[in-house]
Amino acid sequence: MMPEGLTFNINHGYLEGLLRGFKGGILKQADYLNLIQCETLDDLKLHLQSTDYGNFLANEPSPLTVSVIDDKLREKLVIEVEHMRNHALEPLSTFLDYIKYSYMIDNVILLITGTLHGRPIHELLPKCHPLGTFDQLAAINLANTSIMLYNAVLVDTPLAPYIKDCISAEDLDEMNVEIIRNTLYKSYLEDFYNFCKKQGGATADVMCEALAFDADRRAFIITINSFGTELSKEDRMKLYPRCGNLYPTGLNMLGECDDFEQVKVVADYYPQYKELFDNSGINPGDKTLEDKFFEHEVKLMKKSFMQQFQFGVFYAYIRLKEQENRNILWIGECVAQRHRAKIDSYIPIF
Amino acid sequence: MSMDALLRSEEMTLCQMFLQSEAAYACVSELGEIGLVQFRDLNPDVNAFQRKFVNEIRRCEEMERKLRFLEKEINKDGIPMLNTGDNPEAPAPREMIDLEATFEKLENEMKEVNSNSEALKRNFLELTELKHILRKTQTFFEEAHQHQQALHDPSIAEERVGLLGEDPVTRSGQQNKLGFVAGVILRERIPSFEVMLWRVCRGNVFLRQAEIEAPLEDPITGDSVYKSVFIIFFQGEQLKSRIKKICEGYRATLYPCPETQAERREMAIGVMTRIEDLNTVLGQTQDHRHRVLVAAAKNIKVWSIKVRKIKAIYHTLNMFNLDVTQKCLIAECWCPVADLDRIQQALRSGTERSGSSVPSIINRMQTRMVPPTYNRCNKFTQGFQNIVDAYGVSCYREVNPAPFTCITFPFLFAVMFGDMGHGLIMFLFALFLVLKEKQLEAKKIQNEIFNTFFGGRYIILLMGAFSVYAGLMYNDIFSKSLNLFGCQWVLSPLSPEYNVITSKPEERIFVDPNGTFTGTSYPIGVDPIWSLAKNKIAFNNSLKMKMSIILGVSQMFFGIALSFLNHRHFQRPLNIIFDFIPMVVFLFCMFGYLVIMIFVKWLKYSSTSKPQPPSLLIGLINMFLFNYKDGEDNMIYSGQQGFQSFLVIVAVLCVPWMMLGKTIYQRYLKRYGQ
């Protein structure tokens, strides 16, 4: 739509330009080929020096560990995202905030689970993702029921509207925590989807496709993970986000599934998911379903860069960077443990 | 040095070096100091971390990391680092171990001192916070007392009741004991903290807070932060645990605060003494840290240079090939033929230094590879060479335009700039940079724009000097003219215009050169009368344009002549016939002819020429359009029409000569053999 092309750059041109520069620094296949030849983590560090990462590990004392690399990778991404968020104007600033909410949900669940296992709060706080911190986060350990969680902690945060669907007076326990996580995420995803749809234009095109895939992926994963647990089918239906391609018929069918084969039958109705299920398996040498989902996500994210003057590129960059971090950590783990059998099951991006 | 030395790039040769493994390090160090060889990478397919000396390079990077850490600490304390401008040589490999040990010791000491002072500062912070709490809570408890008294005295207003319980009946017996916690929290967190307290405890707690005016020092980061004292009153154990959890979450530190005033006063005195003790200990720790850092600061620059040199040597050694017998390293390098002696000398001294018995061998190799272009420069020609290289580095042994540009570039700049005053300012600025060269270089300024000017200081110097000369020629100083030698246009008192000047000075008059010009021209430069003329710009434009054409065309001819030198050197007769000659002819026919016409027009016509002299520009255009309709009046010399037509035809013929000649000839050669 023409007006976007004329006016987008006024407010968001700098950040999009910066972002495309960052995107150019994402590791290529050649870099991964070099990385899998490393013998030690120091070699990994040497290789990363010649990429956009530069000397980010230069001030870490040797010997390196994978957790140090993890922290530094995350720190780099956080710096980039925070810089962009600080320079963003509406509506990009709200868009970036939406992306941050998913990290907030993860942090909240992490802290609740940690508290349930009896860990002290100051041990858990450093493990939280820096993109998802907010003031009231540290007080999570007070909440032992979800009503308390809402009333005390989350009511002033942006996550407040998302928890409305799952407030109950029961005590928090393992099961509930997962339900809370999924309910929060479902509301958040639907809210995000509606926000993007309202933006219209290329943003809506790109983001709605991406979020629809995310919703469908969650629906499949929830279904598959719920086999053999006490989660009833009605409860399970309540956890499916409704903004995906599976809504409404696919979700209904998924709600009736009892085992993996039936899930596959449901997926067969949708050509893009049929392909993912067909080529995956649990035999050694096959890609797992999770990996196929990640691959599909990477494909969608790469496609989003083909369009200009839309916000989807920001979301895509963060997702691709996360995938890259997962790749580097996977390779790092294989190298550190000298277990090179599956070292090339990373997911190449460019 | 041969005649060719400045004209062309240096003659290079490929050399092979055989270095004994023990001597290799010292030899490379010596070669690095003289900076005359370029090594070729003999292991291009090998990954960076599979090379031979990768471990040493890792050790160097570790050392660099420790040095960076020390520099950061030194900068934090504001200690100046001594920079004597020394250039120490790279230390031998065994000294590297000593350096590593020194750095390790320093780093450990610094880390220990830092952690000690961190612990002390944390202690200090706690005591300070406690001190503030004891002071501030004084007021809170006094208020509490007032409330208490108010309850016993019913005459005081009812609404002041609240803190110590609402029910006056229970007042009679014992006091309803309210628990409290006191602590300190960052100021920014207080609003959120209050809200959280209110929500979680359902409004059943009472928070009072007071700001601490002086900022406190955070023990880890060293930043000054502002904090506030707070005290929370509550009833019941359950609330207490909740409050404690919230405080933990907001990183508020809680302190035990005694209830009675007497106890508080005692505690305050104790705290003060402990604070003083801590201060002394902190002072001593800081002194010790300062001493360590000052000792390190003396050497740190030298150490940095040494470590960088070691790393560079190992990077170079990685490019060498290990011989089959593992005894010696083979290296290939490009070096100028003229410097082979110096390189031999360096190798010899390197071998001696390492104490090896086997001498290092260097021998020249024949090769078909094109050698790299090396132009030897000094600090003056380096700037010009950089400008020329920016357009493209010349091929091996081609004529190097840089020595010529030393003069032509500033000169052409001056022709365009042409102002004595501004030129003088430029010259003085550049002179300052040149005279203060050494000091400015030692400062190692990082500002990119300054470095651009500083790097080009000689260029700017010449540009300024030549601009002064050009300004003298144009008679232009700060856009005004000088009358140094007396104006040569004299208005005689008998002419009618004279009265106009004296009676009506603002009115414009027409000054005819025939009567006014004295006949002798102003010796140097443009006559100052032109600064008063309304048609000064028209006159100057014509003058400057013609001069520019003359200078430009001469420079083009000069460039083509240089290309002839190249053709002759590389023995390419084809190029001479099919490139050089048509280029010269083409240039002459079009622009060389124009230059000649400019001179003819200058010499032939004067102010006494009756008809308007024909315009050269129109003449040139008409020449190409074969348009001679305007007739004989516009001809400058007889036979002009025929001669010009001939020139244009020749010029047009040059184009296919240049474009197709060489191609057709070479194709012919290929088809029909030699």
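Trainee: This is a predicted model. Is R202(B) buried or exposed?
Mentor: Start with the relative accessible area, which is 62% for R202(B). The cut-off for exposed is over 50%. R202(B) therefore counts as exposed.

Trainee: Where in chain B is R202(B) found, and what is its phi?
Mentor: R202(B) is found in a loop of chain B. Helix 6 (190-200) lies on one side of that loop and strand 4 (206-211) on the other. Most residues other than glycine have a negative phi. R202(B) has a positive value, near 50°.

Trainee: S479(B) also has a positive phi. Is S479(B) buried or exposed, and at what relative accessibility?
Mentor: S479(B) sits in the loop between helix 15 (457-474) and helix 16 (496-503) of chain B. Its phi is near 65°. As for accessibility, S479(B) counts as exposed, at 52%.

Trainee: What is omega for the cis bond that joins Y247(A) and P248(A)?
Mentor: P248(A) lies in a loop of chain A, between helix 11 (233-239) and helix 12 (249-256). The bond from Y247(A) is cis. Its omega is about -5°.

Trainee: Which element gives the largest share of the largest nonpolar core?
Mentor: That core has 142 residues. F95(A), F192(A), F314(A) and F193(B) have the most contacts inside it. The largest share is 13 residues, and it comes from helix 5 (residues 92-116) of chain A.

Trainee: What radius of gyration does chain B have?
Mentor: A compact globule of 674 residues would come near 26 Å. The C-alpha atoms of chain B fill a box of roughly 135 × 100 × 50 Å along the principal axes. The radius of gyration of chain B is 44 Å.

Trainee: How far apart are the end C-alpha atoms over residues 46-130 of chain B?
Mentor: UniProt, in an unreviewed entry, places a "coiled-coil region" there. In the model the stretch is 73% helix and 0% strand. The end C-alpha atoms are 63 Å apart.

Trainee: What percentage of chain B counts as buried?
Mentor: Chain B has 21 helices and eleven strands. It exposes about 39,700 Å², with carbon and sulfur atoms supplying 59%. Of its 674 residues, the buried share is 39%.

Trainee: Where does pLDDT fall under 50 in chain B?
Mentor: Chain B averages a pLDDT of 87, and 95% of the residues score at least 70. Where pLDDT is low, the predicted coordinates should not be read in detail. The stretches under 50 include residues 155-162 and residues 164-175.

Trainee: What ipTM does the predictor give the complex?
Mentor: Two scores are given for the complex. The pTM is 0.77. The ipTM is 0.76.

Methods. Residues numbered from 1 in each chain as written. Chains lettered and ligands numbered in written order. Predicted model: local features only at pLDDT ≥ 70, side-chain atom pairs only at ≥ 80, totals over all residues. Heavy atoms only, no water. pLDDT = per-residue confidence, 0-100. Contact = heavy atoms within 4.5 Å. UniProt positions renumbered as here; feature names shortened; annotations may be inferred. Helix = DSSP H or I, 4+ residues; strand = E, 2+ residues; numbered from the N terminus. Core = buried A, V, L, I, M, F, W, Y, C linked by side-chain atoms within 4.5 Å. Buried < 20%, exposed > 50% of the residue type's maximum accessible area, 1.4 Å probe, protein only. Rg over C-alpha atoms; globule rule 2.2 N^0.38 Å. Areas by Shrake-Rupley, 256 points an atom, 1.4 Å probe, with all protein chains shown as cover.
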